[in-house]
Amino acid sequence: MPTDQEPTFTVKLLQLLLLSTYWGMQIWVTFISFVMDSHLNRHTYGFIQSRLVPFYLHLGSACAFVNLTIYAVYHPSDMLDDREAFQIFIFFVSVTVAAINAQWFGQMASEIMADMHLIEQACGLGQDIGLSSNREAYAKLCETDVKYRLLSSRLWLYRLLSSLCNICCIGCNFYSLCYMAENLTTL
């Protein structure tokens, strides 16, 4: 269904809204995570993250997919120049990485965090404010509870991978916004 026609105003607006919505969500969720980290207790922070992050990741994945689809429909492969081909590649990377993050890394991090909270609650932990407070108690729990130590290391890994995916998507969206700005005829 690719077309060589110029996209309508509605299509252009939809693509701009989706791209800017995804960009805004990325910046907001990243910013609010830092604020919540230092002002909420561990379990409240974890509960909010377990509800907010999957929604954010799936919505971002959908925005990236629709952006790729719109762009691909209006840029047939046989008519692409190098920059347009690279833009499609950027959209494809964003869709792929966002989907992997939504379906695997984010989901696993939420599940592991829930298991860790149960162990922490049984030990009377989790009500301290900020993730960096009372580190000694959590370190001791890691030393004494093998299951908690394993969960902690897995959570660290999945959070790292999820963060790298998020940074990759932020970079892709930044490039896409720059590409769009470069191709505007007027403000």
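The model is predicted: local features need pLDDT of at least 70, side-chain atom pairs count only at pLDDT 80 or more, and totals for chains, interfaces and linings use all residues. Residues are numbered from 1 along each chain as its sequence is written, and side-chain values use heavy atoms, with hydrogens and water left out.

**Exercise 1. Find where confidence is lowest and where it is highest in the protein chain.**

Start with the score: pLDDT is the predictor's confidence in each residue, from 0 to 100. The chain's average is 87, and 95% of the residues score at least 70. Now go helix by helix (helices are DSSP runs of H or I, at least four residues, numbered from the N terminus). Helix α4 (residues 135–144) has the lowest confidence, with a mean of 85, while helix α5 (residues 146–182) has the highest, at 93.

**Exercise 2. Work out why the ring pair Tyr71 and Phe91 is classed as it is.**

Grab the rule: rings of Phe, Tyr and Trp (its six-membered ring) pair if their centres lie within 6.5 Å; planes under 30 degrees apart count as stacked, over 60 as edge-to-face and the rest as tilted. Searching the whole structure turns up nine aromatic pairs. For Tyr71 and Phe91, the centres are 5.5 Å apart and the planes sit at 55°, so this pair is tilted. Next, place the residues: Tyr71 is in helix α2 (residues 42–73) and Phe91 in helix α3 (residues 82–122), so the pair ties together parts that are 20 residues apart in sequence. Finally, Tyr71, Phe91 and Tyr179 form one aromatic cluster.

**Exercise 3. Describe how helices α1 and α2 run relative to each other.**

First, the axes, which are lines fitted to C-alpha atoms over the stretch in contact, with angles from 0 to 180 degrees between N-to-C directions. The axes of α1 (residues 9–39) and α2 come within 9 Å and cross at roughly 160°. That makes α1 roughly antiparallel to α2 (the label for angles over 145 degrees).

Methods
Helices (H or I, at least four residues) and strands (E, at least two) are DSSP runs, numbered from the N terminus. Angles under 35 degrees count as roughly parallel, over 145 as roughly antiparallel, 65 to 115 as roughly perpendicular and the rest as oblique.
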